[in-house]
Amino acid sequence: MTDSVVAAGEDRIGALPDDTLRIVLSFLPSCESVCTCVLARRWRHLWKSVPTVVFYEEEETRFVTSLLLLRDQAPLREFVFISFLDGTPQDAELWLRYAASCQVKVLRLAVHRYDFTERLPLPDMTLVCHQLTTLDICSVTLEERTLDFSSCPVLDVLEMQDCEINAEKISCQSLRHLSMDTCSFPEDVRTRISCPGLAALELTENVGLTPFLESMPSLVTASARFDTEWSEREEPYDHCLNGGYYGHCGEDSCLACHRIDVEDDVCVLLDGLCGAVDLKLISTPEMIICTRDFKWRHTFTKLKTLYLSEWCLAADFSGLVYFLQHSPILEKLTLALKICEQESLNIKDDSYKPSKEYLISKNLKVVEIKCCYEAESIHHIVEILINLGVPPENINIPHNHESSDRK
């Protein structure tokens, strides 16, 4: 036997320093790391200062609370709870306060309920944590009227998925990345998002009233995909059913246009999005928020890459023309279209007419039209692009593209 062969019974792991062992234990779920206390006397208390607390399985509330109470007040790098919860909102709030008291850097809370239609209500989401950089929450109801993260001065990433948001305002000066996916916004008031340092914004398939976006001068990438299943909702929110492309259909029964009339002096989306370098806007023609913002004549001075869906073709392609005329350095335009019949474009509205002609970007080198049908409207789009100065050789139409697959 050579010298390189480890002698039988030699404890190589036990020879490692305590700090190294804590790092090793941090890769285990907490329910497993705590079991190492029976290995030897030295291991008895190591789990109490592991820099991560992670619950992935279906844990009893009593076990989670007991583990946190027995754990040392050592700094936490990450707190993760992705599991079913059989306890109360107070239990979850206790865990969040504990994590904040340990100056956690990454906090992830995804609460699953046995009734999948339920979300966990959190009456108090006020966090005081000076080291928190990432907050990821899923399937909770945020009951506060204001979500102010000023007590988390280095918060960089905020992700919300399947959350019910009742706040009238969400504010964070340090935030650079915000993602809100399948969340529910209030139906009686627009949530105002005040995050001036944002570099990346993603709004995906949310319901309720579209939030106000305040100015975001540092914005680089932005994606807004509006509720494509709006027709299945009891309340259409910001969708006009009467062809009022700019939000003034004149029908007293149209709640969406009535709200627009009341908010006539406020820009909802484009004021926040006009500084983006890479922008993606996906919706149906009935969604009126983007087009009603056209009257503020925002110029997208930094926009280089633009991705639009079929909403931009309604009202004689006015949305498409608007962006071409107000994006002076645009380099690439992608149109992902779902057109089955020419009649789908016959939405007429003359409420918006540009007062002057704008030259489109001379930097526009690529226009890609993705459509699974050879509809006549494609030829109209190509004609418009050429008339606006796009060289025909810069227009690319891939064949048999499934436009419904919008990444």
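This is a predicted model: local features need pLDDT of at least 70, side-chain atom pairs count only at pLDDT 80 or more; totals for chains, interfaces and linings use all residues.
A residue is called buried when its relative accessible area is under 20%.

F55 and F81 form a tilted pair, with 6.2 Å between the centres and 55° between the planes. Since F55 belongs to strand β1 (residues 52-55) and F81 to strand β2 (residues 78-84), the pair ties together parts 26 residues apart in sequence. F81 also pairs with W95, again in a tilted arrangement, at 5.0 Å centre to centre and 45° between the planes. W95 lies in helix α4 (residues 89-101), so this pair links strand β2 to parts 14 residues away in sequence. Elsewhere, ring pairs join F294, F300, W311, Y322 and F323 into a cluster.

An open, parallel sheet is built from four strands in the order β7-β10-β12-β14. Strands β7 (146-148) and β14 (212-213) stand at its edges with a single partner each, so one side of each has no neighbour in the sheet. Within the sheet, three bridges connect β10 (residues 169-171) with β12 (residues 192-194), and I170 stands opposite I193 of β12. The ring of F212 has R192 over its face, 5.0 Å from the ring centre, while the charged end of R190 sits over the ring at 5.9 Å from its centre.

D124 occupies the loop between β4 (120-122) and β5 (134-138). D124 is partly exposed, at 38% relative accessibility. A polar atom of its side chain lies 2.9 Å from the backbone nitrogen of T126. Beyond its neighbours within four places in sequence, D124 contacts E93 and E144.

Definitions and conventions. Residues are numbered from 1 along each chain as its sequence is written. Side-chain values use heavy atoms; hydrogens and water are left out. Two strands pair if DSSP finds at least two bridges between them. Helices (H or I, at least four residues) and strands (E, at least two) are DSSP runs, numbered from the N terminus. Buried means under 20% relative accessible area, exposed over 50%, partly exposed in between (1.4 Å probe, protein chains only). Contact means heavy atoms within 4.5 Å. A polar contact is a pair of N or O atoms within 3.5 Å; within protein, one must be able to donate a hydrogen and the other to accept it, and residues adjacent in sequence count only if both atoms are side-chain atoms. Rings of Phe, Tyr and Trp (its six-membered ring) pair if their centres lie within 6.5 Å; planes under 30 degrees apart count as stacked, over 60 as edge-to-face and the rest as tilted. A charge sits over a ring if NZ of Lys or CZ of Arg is within 6 Å of the ring centre and within 35 degrees of the ring normal.
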